[in-house]
Amino acid sequence: RSQGDRIVCEVEDRGHGIRAADRGDIFRKFHRGRNAAGKGGYGLGLFLVKHVMDAHEGTIEIDSETGRGTRFRLIFPAGGAAPPWPSPGTASPEPAA
């Protein structure tokens, strides 16, 4: 949804939640939560989300309660930052001589 000069996307689950002590690590590459044993995944999902948000100069907010679930709020600038790669169908810039 649009909120003035930003676009907000919220993703929510009703899972185990993320403990406050663990929140600093969840965006690390290959990080798996303590309750992830026996579940699929490689610990790349939130790492990639953070990478995309950084590329677009966006931010991520987390609301989580252990035993009740988590809500991620992805906040993009409405103007959007230009991605660090060419758009499909455009030529790459020539390297400087």
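Two strands pair if DSSP finds at least two bridges between them. Helices (H or I, at least four residues) and strands (E, at least two) are DSSP runs, numbered from the N terminus. With that in hand, let's go.

What you see above is a predicted model, where local features need pLDDT of at least 70, side-chain atom pairs count only at pLDDT 80 or more, and totals for chains, interfaces and linings use all residues. Residues are numbered from 1 along each chain as its sequence is written, and side-chain values use heavy atoms, with hydrogens and water left out.

Confidence next. pLDDT is the predictor's confidence in each residue, from 0 to 100. The chain has a mean of 82, and 77% of its residues reach 70 or more. β4 has the highest confidence, at 95, and β1 the lowest, at a mean of 74.

Now the fold. Along the sequence they read β-β-α-β-β.

Contact means heavy atoms within 4.5 Å.

Look at β4 itself. Strand β2 (residues 6–13) joins β4 (residues 69–77) through eight bridges, antiparallel. Val11 has Phe72 in β4 as its bridge partner. On to β3, which runs antiparallel to β4 with seven bridges. There, Glu65 is bridged to Gly69 of β4. β3 and β4 make a hairpin with three residues between them. In that turn, Gly67 has a positive phi of about 85 degrees.

Last, the whole chain. Of its 97 residues, 19% count as buried, meaning under 20% relative accessible area, with exposed over 50% and partly exposed in between (1.4 Å probe, protein chains only). Among contacts with a separation of 6 or more, 52% come from residues 24 or more positions apart.
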